[in-house]
Amino acid sequence: MKSKDNYFIDYEKIKTLDTHRIACFMAFLLVFAITEIGREIYRPYIYENNINDFGLADSIGNLGGIIVQIFFGLAIFNPPQKKGLRLIAFFTLGYILYEIVQPILPRGVFDWKDILGTIVGGAIGTLLFLLMHKVIRRNKVFYRF
């Protein structure tokens, strides 16, 4: 039987609830909370007190947002490591492309700090994903759909 898998999706893994999927979902929730705290508390504090944080407050949405997107996508697709790295690259390049086309979009503003934040966030997401695969050696399957 020919496999229906493609460049990003492994159809057996997408129908499996396992330790990696749960870990990715937990990382998604944690990074989402941290990013929102950064946007709602950290950014206004930095702006109100005129603190030079080297642009972190400006780009925290992109830096945290790409990590949130990465782990949400990994939790949804539950890919093996190689396909997971492809998804991470796809999301990161998509965010960069979106930032580049901002000037031609309504109310869009291009900012190099956002591109840098996306690259740093993509790198952090990649490292966390690889670390998860090192730490979770026994990927226990809880349920198959």
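This report walks through a predicted model of one protein, from its overall layout to a few of its residues.

**The overall picture**

Let us start with the whole chain. The protein contains 5 helices and 2 strands, and along the sequence they come in the order α-β-α-α-α-α-β. If you draw a box around the C-alpha atoms along the principal axes, that box is roughly 60 × 30 × 20 Å. The protein has 145 residues, and 37% of them are buried. Its accessible surface amounts to about 9400 Å², and carbon and sulfur atoms account for 68% of that area. Contacts can also be sorted by how far apart the partners sit in the sequence.

**The nonpolar core**

Now look inside. The largest nonpolar core has 19 residues, and the members that touch the most other members are Cys24, Ile67, Ile70, Phe71, Leu74 and Met132. Four elements each supply two or more residues to this core: H2, helix H3 (56-77), helix H4 (81-100) and helix H5 (112-135). Of these, H3 gives the most, with 8 residues.

Apart from its neighbours within four places in sequence, Ile70 is in contact with Ile88, Phe91, Thr92, Gly121, Gly122 and Gly125. Three of those names come back when we turn to H4, where Ile88, Phe91 and Thr92 are among the buried residues.

**Helix H4**

Helix H4 has 20 residues, and the distance from its first C-alpha to its last is 29 Å. That is close to the 28 Å expected at 1.5 Å a residue. Which residues of H4 are buried? They are Lys83, Gly84, Leu87, Ile88, Phe91, Thr92, Ile96 and Glu99. The cover over these buried residues includes H3 and H5.

**Two residues with positive phi**

Phe54 is not a glycine either, and its phi is positive at about 60°. Asn50 has a relative accessible area of 70%, so it is exposed. Phe54 is also exposed, because its relative accessibility is 76%.

Ile22, Phe25, Met26, Leu29, Phe142, Tyr143 and Phe145 make a nonpolar surface patch of about 720 Å². H2 and strand S2 (141-144) are the elements that give two or more residues to this patch. The largest share, 4 residues, comes from H2.

Ile22 lies in helix H2, while Phe142 lies in strand S2. They are 120 residues apart in sequence, and their C-alpha atoms are 10.0 Å apart in space. Leaving out residues up to four places away in sequence, Ile22 touches Leu17 and Phe142.

| Residue | Relative accessible area | Class |
|---|---|---|
| Thr16 | 2% | buried |
| His20 | 8% | buried |
| Ile22 | 35% | partly exposed |
| Phe142 | 44% | partly exposed |

Why does Thr16 count as buried? Its relative accessibility is 2%, and buried means under 20%. Thr16 lies in strand S1 (residues 16-18). Not counting residues up to four places away in sequence, Thr16 touches Arg21, Asn78, Val141, Tyr143, Arg144 and Phe145. Thr16 and Val135 are 119 residues apart along the chain, and 19 Å separates their C-alpha atoms.

His20 lies in helix H2 (residues 19-48). With residues up to four places away in sequence set aside, His20 touches Asn78, Met132, His133, Ile136 and Asn139.

Note on methods. Residues are numbered from 1 along each chain as its sequence is written. This is a predicted model: local features need pLDDT of at least 70, side-chain atom pairs count only at pLDDT 80 or more; totals for chains, interfaces and linings use all residues. Side-chain values use heavy atoms; hydrogens and water are left out. Buried means under 20% relative accessible area, exposed over 50%, partly exposed in between (1.4 Å probe, protein chains only). Contact means heavy atoms within 4.5 Å. A nonpolar core is a set of buried Ala, Val, Leu, Ile, Met, Phe, Trp, Tyr and Cys residues joined through side-chain atoms within 4.5 Å. Patches are made of residues with over 30% relative accessible area and no salt bridge: like charges are joined within 9 Å, nonpolar side chains (Val, Leu, Ile, Met, Phe, Trp, Tyr) within 5 Å. Accessible areas come from the Shrake-Rupley method with a 1.4 Å probe; for residues, only the protein chains shown count as cover. A salt bridge is a side-chain nitrogen of Lys or Arg within 4 Å of a carboxyl oxygen of Asp or Glu. The expected span of a helix is 1.5 Å times one less than its number of residues.
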